[in-house]
Amino acid sequence: MNNELSRLHRLGEVMTQHGTQMALALALLIIGLLVARWIDKLLRAGLHRLMPKSPYVTIFCNIMYIMLVAAVIVAAAVEFGAKPINMLRLLTITTLVIIGLLIFLRPFFPSLPFKVGNTVKAGDLLGKVESITFLNTRMRTFDGKTFFVPNRQILNEIVINYHYTQTRRVKLNVNIRYDQDLLKAKRTLEAIMTEDPRVKTKPGPVVYVLNLSSNCVELGGRCWVGNKQYWVARCDLHEKTKLRFDNEGIRFAFPQLDLHLNTDPSRTGGSGCPVPGTLTKLSTRQPEDEENV
Amino acid sequence: MKIADGLKIIENGWIRKPKGFRVRFHKQTETGIEAGLSPPPGTAPLDSDITAWRYAWKLWKATQTESETGTPGALYNITVVDDQDHPFRFYGTGEFKTYNPKNIHGGDGQTTGEVHT
């Protein structure tokens, strides 16, 4: 009981001697942190307005915020009674330790294979990286949704970073009917790709006969375009292919299944109804044959 | 002849690859009719003829009222040209095309609509 009383007595003495300093230091800390937060917000808004696409804005603002918070803590500690020279030493040592750790241990940290501003595909998610924190990555997909993806999940996924590739290959797969002029179709498809200004000359566009399948000849056009032009160029080339083939009279193939009824009475049992096993013949044919049936 | 030389001949002589596209038109102003290009010379051209033709068509549709009344702002002879200012064939038909054709020099008969020349 006496111990507790003496402890309370000592606390009272401490509060009498240092209470004002403590209250001032606490007030300085709270107000300082609030002001630091306010300055950080203003700085971020201003810099994002000035340089909306710069990835360095976030890094710069983060550094500024850390420095402001450190200054506030030091000021509060000095107000509480700490010697400024000691605080300066502590701050210097802490900074040097952090920098040293970052430099020497950086190769051992798992790092993400992209930077802010890159267009990446991580798992099923395709979008632009807006920001990266220690815990998650903020991605904006092309349909306007914002995703916060945990970094550990990204590190487990296969990531495609479209930022590193300058060019991309466009695939133009076209199926034509067997009765169409194959050489004309090849020439037309190659001409469509060659005359487009976005299509690279090296490597130049090529057309392959990919397959002779059951109901069509499969043609494959391949050409290279700039990464940023990929999507629009791909859509344009498909549109031109459809229209040019129509103009040139080259008909596209489409999958179909024809049913031929065997009307021979000896095989249908005289009823006209086909006997199972002998009655039908399934085959694929082109639509204009229908007129001859 | 090496393959590389042959490929160069093909590249230069087979199909000309335009470097870009612009929409050429005649514009009715307060003082008369002026020829113009969009995007204007000195700026980057459009890299897609599909985009250029779509742009030309929208320009024609957007100025149809002015064209009918002949008020300033009307656009005539709207067509797509390549980087050498040669008319470029419409990709949909493979033929040359002009929206809202008008004989500017002859000064006769204004017609509205599309024409294939």
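Colleague: What pLDDT does chain B average, and what share of the residues score at least 70?

Modeller: This is a predicted model, and chain B averages a pLDDT of 84, with 89% of the residues scoring at least 70. On a scale of confidence from 0 to 100, that is where the 84 belongs.

Colleague: Which elements of chain B mark the lowest and highest confidence?

Modeller: The lowest is strand β5 (residues 114-116) of chain B, at a mean of 47, and the highest is helix α2 (residues 49-62) of chain B, at 94. Over residues 106-113 of chain B the pLDDT is below 50, and beyond near neighbours in sequence this stretch has seven contacts in the model. Where pLDDT is low, the predicted coordinates should not be read in detail.

Colleague: What makes you say that α1(A) lies largely in the open?

Modeller: A residue is buried if 20 or more other C-beta atoms lie within 10 Å of its own. Of the 49 residues of α1(A), one is buried, so the helix lies largely in the open.

Colleague: Where does helix α1 of chain A bend, and by about how much?

Modeller: Helix α1 (residues 2-50) of chain A bends at A:His18, by about 65°.

Colleague: How many residues of chains A and B are in contact?

Modeller: Contact needs C-beta atoms within 7 Å, and 13 residues of chain A are in contact with 13 residues of chain B. The largest share, six residues, comes from α6(A). By class, this side of chain A has four nonpolar, four polar and five charged residues.

Colleague: And what does the model score overall?

Modeller: The scores are ipTM 0.81 and pTM 0.65.

Technical notes. Residues are numbered from 1 along each chain as its sequence is written. Chains are lettered from A and ligands numbered from 1 in the order in which they are written. This is a predicted model: local features need pLDDT of at least 70, side-chain atom pairs count only at pLDDT 80 or more; totals for chains, interfaces and linings use all residues. Two residues are in contact if their C-beta atoms, placed from the backbone, lie within 7 Å. Helices (H or I, at least four residues) and strands (E, at least two) are DSSP runs, numbered from the N terminus. Ala, Val, Leu, Ile, Met, Phe, Trp, Tyr, Cys and Pro count as nonpolar, Asp, Glu, Lys and Arg as charged, and the others, Gly among them, as polar. The bend at a residue is the angle between axes fitted to the seven residues ending there and the seven starting there. A residue is buried if 20 or more other C-beta atoms lie within 10 Å of its own, exposed if 12 or fewer, and partly exposed in between; C-beta atoms are placed from the backbone. pLDDT is the predictor's confidence in each residue, from 0 to 100.
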